[in-house]
Amino acid sequence: MALLDGLRVLDLTMWRPGPYATQLLAQLGADVIKVEPPGGEPMRAFRGHFDLLNQHKRSVALDLKTPEGLARCRELAAGAEVFVEGFRPGVAERLGVGHAALRALNPALVYCSLSGYGAQGPLADVPGHDVNYRAYAAALPPDAASPDAAELPVADMAAATMAAFAITAACLKARGTGVGDRIDLGMADVLANWVGTVPTPATPAAAAPAAPRADGADRRAGPVPGYGVYATKDGHKVTLGVVSEERLWAATCRALDLPEHADVPFAERLAAVPELDAAIAEAVARLTRDEAVERLTAAGAPVAPLLDRAGMMAHDHFRARGVVADGTVGSPVRTAVHPPLPPGPVAELDEHRGQAWRAPGGSAISRTDI
């Protein structure tokens, strides 16, 4: 019998982070039912990726925009212990499968939302992909180049693993109390927490950043146009995270005054990566970092500044979400009912000799002879 045998998980996620999180649970024995839209998850078109992330699961196709599909999904959620969704913030609520609606049916449900920047906070509605989350979290080096197609998507995989851990912890509490929880997990939060646990060593003052070369010879193109690291005219860098999404590509082009490229479909973009990505790079290089972030964010494009650790620790988003607290790192996991502990004291050597385990839910410590 596997470790999580009998755990019932309803999985509405697609692409990589959510499916990997639920596969980790399935590999330990959880009964995972994967809800797919009519025609299947788009990732099924890339079976080499899909098959590696969806083993040991069962599949059901439901159209949540129909009364019948929504009713069946809610019926399954009423009998589940875990519900996992990876929609943009607010979409689950609009579809009728938000936390409040499902918890009314099933008070013990552990509801996990997995998104780029989390369901709340200054960046919650900003679109992005792995390279953007790494940039905001200071998980890219100052000399970072655009990733290639084979590069490990660190934010995706780290957040998925953290989600599986948080879900398991919340289920342990729910089984003991009958009270579920809402887990709000941001991919950028997890990497920011990791980066925050590594103190920055004292170093000599850094030289002023070098301006990018006008001919673009000091950079390489990413796997698709508009995905990668781009230098700005003040010597800093931003990341763009366009993949196949037509709306994100169009938003990026319009923000950068490249309307002639805005309507190029994905297949044609793949056939012209060097030319189109060079046009993006040249347009970004005409802006300062702050100008680029402001213009692209306002247009709904997936942009992030490449921050260092100090910049990440000072950023309003991570402070608002509790990832950074009182000048140190907090928890990367946000839960609504049973919140994690804030940063606290560090024990001195042998400080607690003679004390026993704390009573659950309390701070009282009983004495023992050990």
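User: What does Pro147 touch, not counting residues up to four places away in sequence?
Analyst: Pro147 touches Val131, Arg220, Gly222, Pro223, Tyr227 and Gly228. Contact here means heavy atoms within 4.5 Å. This is a predicted model, where local features need pLDDT of at least 70 and side-chain atom pairs count only at pLDDT 80 or more, while totals for chains, interfaces and linings use all residues. Residues are numbered from 1 along each chain as its sequence is written, and side-chain values use heavy atoms, with hydrogens and water left out.

User: Where does Pro147 lie, and is it buried or exposed?
Analyst: Pro147 lies in the loop between helix H6 (130-136) and helix H7 (154-177). With a relative accessible area of 6%, Pro147 is buried. Buried means under 20% relative accessible area, exposed over 50%, and partly exposed in between, with a 1.4 Å probe and protein chains only. Helices (H or I, at least four residues) and strands (E, at least two) are DSSP runs, numbered from the N terminus.

User: How far apart are Pro147 and Gly178 in space?
Analyst: They are 45 Å apart, C-alpha to C-alpha, and 31 residues apart in sequence.

User: Switching to His99. Which residues is it in contact with, leaving aside neighbours within four places in sequence?
Analyst: His99 is in contact with Glu93, Tyr111, Asp181 and Arg182. His99 lies in helix H5 (residues 99-105) and counts as buried at 14% relative accessibility.

User: How many salt bridges are there?
Analyst: The count comes to 19 salt bridges, taking a salt bridge as a side-chain nitrogen of Lys or Arg within 4 Å of a carboxyl oxygen of Asp or Glu.

User: What about Arg58 and Asp31?
Analyst: Their side chains meet in a salt bridge, 2.7 Å from N to O. Arg58 is in strand E3 (residues 57-61) and Asp31 in strand E2 (residues 31-36), so the pair ties together parts that are 27 residues apart in sequence. Arg58 is partly exposed at 47% relative accessible area, and Asp31 is partly exposed at 31%.

User: And which residue does Arg72 form a salt bridge with?
Analyst: With Glu75, the closest N and O atoms being 2.9 Å apart. Arg72 and Glu75 are 3 residues apart in helix H3 (residues 67-78), separated by about one helical turn. Arg72 counts as partly exposed at 35% relative accessibility, whereas Glu75 counts as exposed at 52%.

User: Now helix packing. At what angle do H9 and H12 pack?
Analyst: Helix H9 (residues 246-255) and helix H12 (residues 289-299) pack at about 135 degrees, with their axes 9 Å apart. Axes are lines fitted to C-alpha atoms, for helices over the stretch in contact, and angles run from 0 to 180 degrees between N-to-C directions. H9 and H12 are therefore oblique to each other; angles under 35 degrees count as roughly parallel, over 145 as roughly antiparallel, 65 to 115 as roughly perpendicular and the rest as oblique.

User: Which residues make that contact?
Analyst: Ala251, Thr252 and Ala255 of H9, and Arg295, Leu296 and Ala299 of H12.

User: Last one: which residues of H1 are buried?
Analyst: Pro17, Gly18, Pro19, Ala21, Thr22, Gln23, Leu25 and Ala26. Helix H1 (residues 17-27) is mostly covered, with 8 of its 11 residues buried. Just after H1, Gly29 takes a positive phi of about 110 degrees.
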